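Here is a friendly note to read alongside the structure. Please keep the view open and follow the points in order.

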Amino acid sequence: MAQEKRLENKVALITGASRGIGKAIALCFAKEGAFVAINYAQSQNLAEEVCQTIRTNGGRCMDVQADLGDSRQVDRMIEKVLLENDKIDILVNNAGVLKLMPTLDTLGSDFDRMIDVNLKGILHCSRVVSDNMKGLDTGRIINVSSIAALGTSMNGCTGYAITKSAVNMLTRRLALELGPENITVNAIAPGFVATDMSLEGARATGTELSSIASRTMLNRIGQPVDIARVALFLASEDSSFMTGQVITVDGGRVDYLTRSV
Ligand SMILES: NC(=O)c1ccc[n+]([C@@H]2O[C@H](COP(=O)([O-])OP(=O)(O)OC[C@H]3O[C@@H](n4cnc5c(N)ncnc54)[C@H](OP(=O)(O)O)[C@@H]3O)[C@@H](O)[C@H]2O)c1
């Protein structure tokens with residue numbers, strides 16, 4: 001007998017799903033039977049490729065452009081997804097940007113951009129999508145935070161860490177307020193996962209991947225699928241009594257603010 005898929009009949013909107021962690025989540029959810037809406041900001045070709053892969057494997061999806069830093073674009077994106085499906089059961093707030101700067105220079109347009117995308121983007125998306133979820137009397141919101149919020153010592157990431165700390169608090173506050181509607185809100189705090197963002201960050205700070213791996217108990221860097229599997233757990237019935245939590249998925253990092261290697 002064929003095994004039941006864990007997200008059958010569910011509709012998931014995944015922001016920033018053209019590459020990296022978001023792409024892995026989209027592929028994983030589609031494999032488990034969800035219709036997935038794949039958001040991207042600029043990489044239309046990559047988002048179409050993700051869709052093509054999903055359809056080739058018998059899954060259902062659409063790609064949808066929106067810059068998460070622009071609330072009107074977010075509104076249009078959610079309208080398009082709802083036109084196609086009438087509902088959104090699962091929202092994965094994954095899109096994020098990382099701009100490195102010295103702590104005392106954490107001011108100006110680069111910091112504003114991180115606040116707009118990493119924080120306000122999540123808040124706006126959650127507000128609009130949770131309105132729809134309230135009508136369903138169930139829902140899942142999954143925020144992608146970072147171990148930066150827990151105090152990694154990576155140079156230049158104070159501004160980014162501030163936005164991700166705010167995401168953790170937003171996760172708990174939203175969980176409190178949406179709990180009575182049976183909407184769970186949890187976050188994943190990934191460690192170093194091999195994607196464009198992290199590899200560029202490592203290059204910019206002159207950090208060897210082997211040195212990052214050596215700071216984990218498992219002695220390796222993460223892969224996007226490591227995060228996708230935890231997102232699947234949070235999206236599925238298996239996590240139905242869990243909300244307001246930030247789950248660290250970092251291979252067991254040992255260097256929080258200690259600079260120890
Ligand atoms: N990789 C890590 O080690 C790591 C660790 C901790 C946390 N995280 C978090 O994990 C999430 C995913 O990161 P990643 O490493 O997979 O990044 P990535 O490889 O750089 O991919 C970023 C994704 O977000 C999209 N995106 C960027 N800015 C956007 C915007 N303004 N509006 C809509 N979409 C936007 C990109 O779309 P386009 O392709 O169209 O640009 C792309 O799909 C982020 O929130 C990041 O902070 C990553």
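1. Strands β2 and β3 run parallel and are joined by 6 bridges.

2. A word on the model before going further. This is a predicted model, in which local features need pLDDT of at least 70 and side-chain atom pairs count only at pLDDT 80 or more, while totals for chains, interfaces and linings use all residues. Residues are numbered from 1 along each chain as its sequence is written, and side-chain values use heavy atoms, with hydrogens and water left out. Helices (H or I, at least four residues) and strands (E, at least two) are DSSP runs, numbered from the N terminus.

3. Now the whole sheet. It is open and has 7 strands in the order β3-β2-β1-β4-β5-β6-β7, with parallel pairing; two strands count as paired if DSSP finds at least two bridges between them. At the edges are β3 (60-65) and β7 (246-249), each pairing on one side only. Neighbouring strands are turned by 20° against each other on average, direction ignored.

4. Which residue of β4 is the bridge partner of L13? The partner is L91. Strand β1 (residues 11-14) pairs with strand β4 (residues 90-93) in the parallel sense over 3 bridges.

5. Two helices lie across the strands (contact means heavy atoms within 4.5 Å). Helix α1 (residues 20-31) lies across β1, β2 (35-40), β4 and β6 (183-190), at about 170° to β1. Helix α5 (residues 158-178) lies across β5 (139-144), β6 and β7, at about 160° to β6. Axes are lines fitted to C-alpha atoms, for helices over the stretch in contact, and angles run from 0 to 180 degrees between N-to-C directions.

6. Finally, the ligand. Around it are 33 residues (a heavy atom within 4 Å), the closest being Q42, S43, N94, Y160 and T195. Helix α6 (196-205) gives the most to this shell, with 3 residues. A polar side-chain atom of S18 lies 2.7 Å from a ligand oxygen atom, and a polar backbone atom of I21 is 2.8 Å from a ligand oxygen atom.

Methods
A polar contact is a pair of N or O atoms within 3.5 Å; within protein, one must be able to donate a hydrogen and the other to accept it, and residues adjacent in sequence count only if both atoms are side-chain atoms.
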